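Please read it alongside the sequence and the coordinates.

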Amino acid sequence: MRIIAQLIAEANGRARNLADMAMAAQMMIELGEPLPVQGVDHPDEIPRLMKAANTTLTVAETSEVSEAIVARLARSEPLEAAANAAQDAMVRSGLTKGWIRQKSADACQLCEWWWREGRVWPAEHPFQHHKGCTCSPKPVLREGIKETMKTARAKGIR
């Protein structure tokens with residue numbers, strides 16, 4: 001279990017770093033000037049991932065699709081880490097005022113609904129994603145993005 005947890009934790013770290021670099025690259029394209037990466041946190045995930053691996057392997061033992069069950073854990077963890085790191089990098093930059101959901105080519109019905117016809121969300125509004133989601137936030141640098149109830153409350157506006 002420890003080996004699985006360590007491998008997934010390493011993949012999560014790489015996913016976070018790639019998401020951070022991708023956010024910097026997207027903002028550099030928008031601004032036309034070089035920007036540093038923000039640097040993302042790398043939490044100690046081993047205890048949580050060991051528990052997840054144990055649960056996954058227990059379920060997989062009695063399943064006819066055991067490989068798919070284990071693969072789902074290995075695939076969804078780095079995707080989630082990347083999505084969270086992308087949002088974190090956008091907020092830390094101080095340049096991003098909002099984000100648009102960048103749908104994957106095979107976006108599911110839930111992701112289509114979250115997209116809301118390309119709505120621009122405030123930077124601090126959590127990027128919604130689900131296990132296995134391959135969508136990502138695309139930074140928006142322009143001013144005047146309307147707050148959501150959630151972000152307004154967090155800022156003490158409402």
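Predicted model: local features only at pLDDT ≥ 70, side-chain atom pairs only at ≥ 80, totals over all residues.

Residues are numbered from 1 along each chain as its sequence is written, and side-chain values use heavy atoms, with hydrogens and water left out.

## Overall organisation

The secondary structure of the protein consists of five helices and three strands, where helices (H or I, at least four residues) and strands (E, at least two) are DSSP runs numbered from the N terminus. Read from the N terminus, the order of the elements is α-α-α-β-α-β-β-α. The C-alpha trace spans about 55 × 35 × 35 Å along its principal axes.

Of the 158 residues, 37% count as buried; here buried means under 20% relative accessible area, exposed means over 50%, and partly exposed lies in between, with a 1.4 Å probe and protein chains only. Among the contacts (heavy atoms within 4.5 Å) with a separation of 6 or more, 71% are accounted for by residues 24 or more positions apart.

The protein exposes about 9400 Å², of which carbon and sulfur atoms supply 57%; accessible areas come from the Shrake-Rupley method with a 1.4 Å probe, and for residues only the protein chains shown count as cover. There are 21 positive and 19 negative side chains, and the centres of the two sets lie 7 Å apart. In this count Lys and Arg are positive and Asp and Glu negative, while His and the chain ends are not counted, and the place of a charge is taken as NZ of Lys, CZ of Arg, CG of Asp or CD of Glu.

## Nonpolar cores

In soluble globular proteins, nonpolar side chains tend to be buried together. A nonpolar core is defined here as a set of buried Ala, Val, Leu, Ile, Met, Phe, Trp, Tyr and Cys residues joined through side-chain atoms within 4.5 Å. The largest such core has 19 residues, and those with the most contacts inside it are Met23, Met27, Trp99, Cys111, Phe127 and Cys135. Helices H1, H3 (66–93) and H4 (109–115) each supply at least two residues of this core, and H3 gives the largest share, five residues. Apart from this core lies another, of seven residues, among them Ala5, Ile8, Ala52 and Leu73.

With residues up to four places away in sequence left out, Met23 touches Ala86, Ala89, Met90, Pro137 and Pro139.

## Buried polar and charged residues

Arg16 is found in helix H1 (residues 2–31) and counts as buried because its relative accessible area is 10%. Leaving aside neighbours within four places in sequence, Arg16 is in contact with Val40, Asp41, His42, Pro43, Glu45, Ala81 and Ala85.

Thr56, in helix H2 (residues 46–61), is also buried, with a relative accessible area of 13%. A polar atom of the Thr56 side chain lies 2.7 Å from the backbone oxygen of Ala52. Not counting residues up to four places away in sequence, Thr56 touches Ile69, Val70 and Leu73.

## Partly exposed and exposed residues

Arg2 lies in helix H1 and touches Ile46 and Met50, residues up to four places away in sequence not being counted. The C-alpha atoms of Arg2 and Gly94, 92 residues apart along the chain, are separated by 38 Å. Leu57, in helix H2, touches Met1, Ile4 and Val70 under the exclusion of residues up to four places away in sequence. Leu57 and Gln102, 45 residues apart in sequence, lie 33 Å apart, C-alpha to C-alpha.

The loop between H4 and strand E2 (120–122) holds Arg116, which has a positive phi of about 50 degrees although it is not a glycine. Glu117 lies in the loop between H4 and E2, and its phi is near 60 degrees, a positive value in a residue other than glycine.

| Residue | Relative accessible area | Class |
|---|---|---|
| Arg2 | 44% | partly exposed |
| Leu57 | 29% | partly exposed |
| Arg116 | 34% | partly exposed |
| Glu117 | 68% | exposed |

Technical notes: Polar contact = N/O pair within 3.5 Å; in protein donor to acceptor, adjacent residues only side chain to side chain.
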